[in-house]
Amino acid sequence: MENLRGSSVNDVKLQNRRLVLCTIVERPMISRGEIAEATGLSKMSMSNIIGELMQAGIVCEPAQARAESASPGRRPAYLDLADASPCEVGVFISRHDVQVAVGDLRTHVFWSRSASYPERMDERTLVGMTLALIREALANCRRPVLGIGIAAIGPVSTQRGTLLQPANFYGIHDVPIVRIVAEETGYPVFFTADSMAGAQGEKLFGEGRAHDNFLFLLLWEGIGCGVVVDGKLHAGEHGLGGELGHTSIRFDGPVCPCGSRGCLELYASTARMAEHVRARVEAGEPSRLKDAQLNWSTILNAAVAGDSAARSAVEEYCDYLSCALVNMVNVFDPEIIYICQYENPKAGELLAALLQERVRARMLAPDCRRMSVRCSTFGSRSVMTGALALVAGKVFDGTLPFMP
Ligand SMILES: [Zn+2]
């Protein structure tokens, strides 16, 4: 009984400490009064907690705020994350490069590096490049590191901590990346697919904070879809969720590298968009893309600039994509679909408008729901923000201790 009571008092203490930290993370330069109001803690316990957080070097009263608050009539001293507060390492294993960043608990990045893949790639090279960048990040970091968050192109198994077999990815398969990084560094490692990481970043730090049911669509050379249900990331039983690109939109369509038929990615793809533009140019339609290289960026940018052949290719892409999105909307009933597309914001707005129009036209019971398609809060930084948020989220939910 004594032990039980002892541990539960300790639990409450840890929980309150976490509550105060989360409030400071969420609201930079916050006063003690505002923290008390937001947390509902008594002045006494809040004061103790802030004292502990300051002593541990996690929270500080920035010098300028202290000077201001000393003058009569000024607002009371503000608190903020200290310059030496703990940080996290984020890793993004993308289709073309590996990116590593170090950020604070707000996922503000203060160090980052990336390395493009060489032409000849294999598992050893991928692991070697990733570890080299992580080592460099750790060597450059003067702050306590809480853990490492890894986002990778799918499919991934978060249950096994393994990068499975991404389509068209140098034949690389079944890389136990979590075990490798954890053994090499000794830090806790958290892992998910890139689209799921994007959803996590949106939920914890983006506009998605205000929404409990949304989809996070990652578009580029593949199509991934992070899912947030009732305020929580939903990666599934085995952590295999989010592979929207491999949902079939044609049961007897061509065979996909994943083994299924008629997968969305075979239709909503850069290759198809390029073919579409080429056919229209060959038919005599004037286009700024006539002699240009045709890829995701050039086609989207031309569409934004009003090129009719490019615009028509993007519309066809959205026709296919919206077909799968309507299924997602009918199953998950999200309020918002966020789009991240690594391109200029105008391209995001174009895709959002085209998709919203198409999904709304076909979804079930349009009069009974609000559903909009918008650009993600962090744009091209979405996945890295999410990789860092994988660690921050574990601090916020109490899984990962942030002070001794
Ligand atoms: Zn497939």
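This is a predicted model: local features need pLDDT of at least 70, side-chain atom pairs count only at pLDDT 80 or more; totals for chains, interfaces and linings use all residues.
View 1. Ideal tetrahedral angles are 109.5 degrees.

View 2. Buried means under 20% relative accessible area, exposed over 50%, partly exposed in between (1.4 Å probe, protein chains only). Cys-258 sits in the loop between strand 13 and helix 8 (264-267). Helices (H or I, at least four residues) and strands (E, at least two) are DSSP runs, numbered from the N terminus. The C-alpha atom of Cys-258 is 51 Å from that of Cys-60, 198 residues away along the chain.

**View 3. Tyr-117, Phe-169 and Tyr-170 form one aromatic cluster**. The whole structure holds seven aromatic pairs. In one of them, Phe-169 and Tyr-170, the ring centres are 5.5 Å apart and the planes meet at 65°, so the pair is edge-to-face. Rings of Phe, Tyr and Trp (its six-membered ring) pair if their centres lie within 6.5 Å; planes under 30 degrees apart count as stacked, over 60 as edge-to-face and the rest as tilted. Phe-169 is buried, at 1% relative accessible area. Tyr-170 is partly exposed, at 36%.

**View 4. The largest pocket has a volume of about 490 Å³**. A pocket is an open set of points on a 1 Å grid where a 1.4 Å probe fits, with protein on both sides within 12 Å along at least five of seven lines; lining residues have an atom within 4 Å of a point. The volume is the space filled by probe spheres set on the points. The lining counts 16 residues; Gln-200, Leu-233, Gly-393, Lys-394 and Asp-397 lie nearest the centre. Helix 13 (382-396) gives the largest share, four residues. Seven lining residues are nonpolar, five polar and four charged.

**Notes.** Residues are numbered from 1 along each chain as its sequence is written. Local features need pLDDT of at least 70, side-chain atom pairs count only at pLDDT 80 or more, totals for chains, interfaces and linings use all residues, and side-chain values use heavy atoms, without hydrogens and water.

Conventions: Ala, Val, Leu, Ile, Met, Phe, Trp, Tyr, Cys and Pro count as nonpolar, Asp, Glu, Lys and Arg as charged, and the others, Gly among them, as polar.
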